[in-house]
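Biologist: I would like to learn how to read strands and charged pairs in a model, so could you take me through them slowly?

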Amino acid sequence: QLQASGGGLVQAGDSLRLSCAVSGRTSLNYAMGWFRQTPGKEREFVAAITWSGGTTYYADSVKGRSTISRDSAKNTVYLQMNGLQPENTAVYYCAAKMFGIATRTDACNYWGQGTQVTVSS
């Protein structure tokens, strides 16, 4: 089970840290990813981290302004987003993938419920 949190309403230039609490069968042996979706558009990849936490991947649109990390002791994956802009407004979802990397929506095995991020100009 994945539980995403940390979204909210912020102003342009602000930062947010999203959290994804992992429980149940979805252990930290899963690769984890963050995706986002806006109305009328497909869900898109944002960032991913391997099960060991040793390798990270980012969409070009967030590279340099976002950091994905995981805390094994807390069974939690984070997405730190800095310098947020209105175009970052979306529902953000965390996802888990049993093998490989979680960079594709059709490859992830489990999904969280999503957390809304709204950035005002």
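**Strands and salt bridges**

Modeller: In this predicted model, strand 7 and strand 8 (residues 76-81) pair in the antiparallel sense over 6 bridges, where strands are DSSP runs (E, at least two residues) numbered from the N terminus, and two strands pair if DSSP finds at least two bridges between them. Local features need pLDDT of at least 70, side-chain atom pairs count only at pLDDT 80 or more, and totals for chains, interfaces and linings use all residues. Residues are numbered from 1 along each chain as its sequence is written, and side-chain values use heavy atoms, with hydrogens and water left out.

Biologist: How many residues lie between strand 7 and strand 8 in the hairpin?

Modeller: There are 4 residues between them, and Asn75 in the turn has a positive phi of about 50°. Within the pairing, Thr67 stands opposite Gln80 in strand 8, and Thr67 belongs to the uncovered face of strand 7, together with Ser69 and Asp71.

Biologist: How many salt bridges does the count come to?

Modeller: A salt bridge is a side-chain nitrogen of Lys or Arg within 4 Å of a carboxyl oxygen of Asp or Glu, and by this rule the count comes to 3. One of them joins Arg36 to Glu44, with the closest N and O atoms 2.6 Å apart.

Biologist: Is Arg36 buried or exposed?

Modeller: Buried means under 20% relative accessible area, exposed over 50%, and partly exposed in between (1.4 Å probe, protein chains only). Arg36, at 8% relative accessibility, counts as buried, whereas Glu44, at 36%, is partly exposed.
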